[in-house]
Amino acid sequence: MSGLAALPVGGAGARLGEPLAALPPPGDAVPLEAVHARAYRFPTGGPESDGTLEWASTTMVLVEVRAGGRRGVGYTCGSAAAATVVSEALAPVVLGQDAMAIPHLWQSMVRSTRNLGRSGIASMAVAALDNALWDLKARILEVPLVTLLGAVRDAVPVYGSGGFTNLDTRALVAQLTGWTEAGISRVKMKVGREREADAGRVHAVRAAIGDQVELFVDANGAYARKEALAMAAEFAAAGVTWFEEPVPSADVEGLRRVRERAPGGMEIAAGEYGWRLEDLHRLAATGAVDVLQADLTRCEGLSVFLQAGALAAACSLPLSSHTAPALHLHAACALPALRHLEYFHDHVRLEERFFDGTRAPRGGCLHPDLGRPGHGLEFKEPDARRYAL
């Protein structure tokens, strides 16, 4: 591997793959011994697109941490540059600190990004390391992550998500009906790439999935305000109940206006680009959304995702997790405000192929494996090695 493929950072103790030490005595501080960040680029199997972006691969930055004879892993998807941020900015301020004191570690990481530009790549780097630290803490305590956080449910409903704009109508229908036939009662498709075709594609999907399945659409901010309202009326005629990012998420006032004027029974959702808690608060507190979304691979990690759950509850809003279903699962079972989890096509494929411990939906829900510590995921590095950058 070269470049960002393997970026070991400081630390004492075993190298990757070597035997681990015994657990520390209960109550003792557990110094963080090592942080490793690696970037991988996985092909999607073909070109994909939504209303505002085209792609043919997914770049994942995986972070592994070690302390107390245990390993934890976390990841984010975005830019390989996040691995550099982990290695050069974050690792030096957390190494040697108590791995059990995650709020202190999180604050140290965030402070270290001040001159980097905290939102975007820096937020994703914090997220990957924070997620790994939570996994590590649960493994040190030898409990599932949901047990550490405190469960409010034993499973979380999912919605099938994909329906990319590059798919022709036949392939689009096949993908979404595949989820419904697997017992998933909510499905989401992309819109906004070819506006004149959007309504027809939505109606074709509705005809295929029937009236008992909830249909969601996601424009990824492709429409202008009045255009979004016109499309909302078109989609409502097909029974669409969820309109995600009808306008760019940065246009908080536009989201609010669309939400206020959208047809009855149609919820407006946004929040996947909430890099910080303040971004999510702006959406929730201004009446911009009916459903708040948050992504623990972007919003500075599980630490902020938990706060997003409290924020949503305080604003009487439901919360929905965005992408990375296996990584969100345990946290989703611990948040009272959470409504459902996005079972996103690209990340489902990535997680199933490169992690042991993923779960398949049963009865439209994901159930965490309470027989495995932490979030239960084990990275299959030999399978991923060829994709290292």
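Helix α11 is the largest contributor to the lining of the largest cavity, giving four residues. Keep in mind, as you look around, that this is a predicted model.

Let us stay with that cavity for a moment. Its volume is about 140 Å³, and of the 18 residues that line the largest cavity, Ala326, Leu329, Gly357, Thr358 and Arg359 are the closest to its centre. Two elements give two or more residues to this lining, namely α11 (325-332) and α12 (345-354). Sorted by class, the lining of the largest cavity holds eight nonpolar, five polar and five charged residues.

The count of cavities of 30 Å³ or more comes to two. In the second largest cavity, the volume is about 60 Å³, and the lining is made up of Asn131, Trp134, Leu145, Leu296, Leu302, Leu327, Ala331 and His375. Here α11 turns up again: α3 (121-140) and α11 each supply at least two residues of the lining of the second largest cavity. By class, this second lining has six nonpolar and two polar residues, with no charged ones.

Now for the open spaces. The largest pocket holds about 640 Å³ of space. Of its 31 lining residues, those closest to the centre are Leu53, Trp55, Cys77, Tyr273 and Arg298. The elements giving two or more residues to the lining of the largest pocket are β3 (54-67), β12 (338-344) and α12. Strand β3 has the largest share of this lining, with five residues.

| Space | Volume | Lining residues by class |
|---|---|---|
| Largest cavity | about 140 Å³ | eight nonpolar, five polar, five charged |
| Second largest cavity | about 60 Å³ | six nonpolar, two polar, no charged |
| Largest pocket | about 640 Å³ | ten nonpolar, eleven polar, ten charged |

Finally, a pair of helices. How do α5 and α6 cross? The axes of α5 (residues 169-181) and α6 (residues 195-209) come within 10 Å and cross at roughly 40°. The two helices are therefore oblique to each other, and their crossing is right-handed. On the α5 side, the contact is made by Thr169, Leu172, Val173, Leu176, Thr177 and Thr180; on the α6 side, Arg201, Ala204, Val205, Ala208 and Ile209 take part. The residues of the contact of α5 with α6 comprise seven nonpolar, three polar and one charged.

Technical notes. Residues numbered from 1 in each chain as written. Predicted model: local features only at pLDDT ≥ 70, side-chain atom pairs only at ≥ 80, totals over all residues. Heavy atoms only, no water. 1 Å grid on protein atoms, 1.4 Å probe; cavity = no way out; pocket = protein on both sides within 12 Å on 5 of 7 lines; lining within 4 Å. Points joined across faces, edges and corners; volume = space filled by probe spheres on them. Nonpolar A, V, L, I, M, F, W, Y, C, P; charged D, E, K, R; others polar. Axes fitted to C-alpha atoms, helices over the stretch in contact; angles between N-to-C directions. Parallel < 35°, antiparallel > 145°, perpendicular 65-115°, else oblique. Left-handed = near helix turned anticlockwise from the far one by under 90°. Contact = heavy atoms within 4.5 Å.
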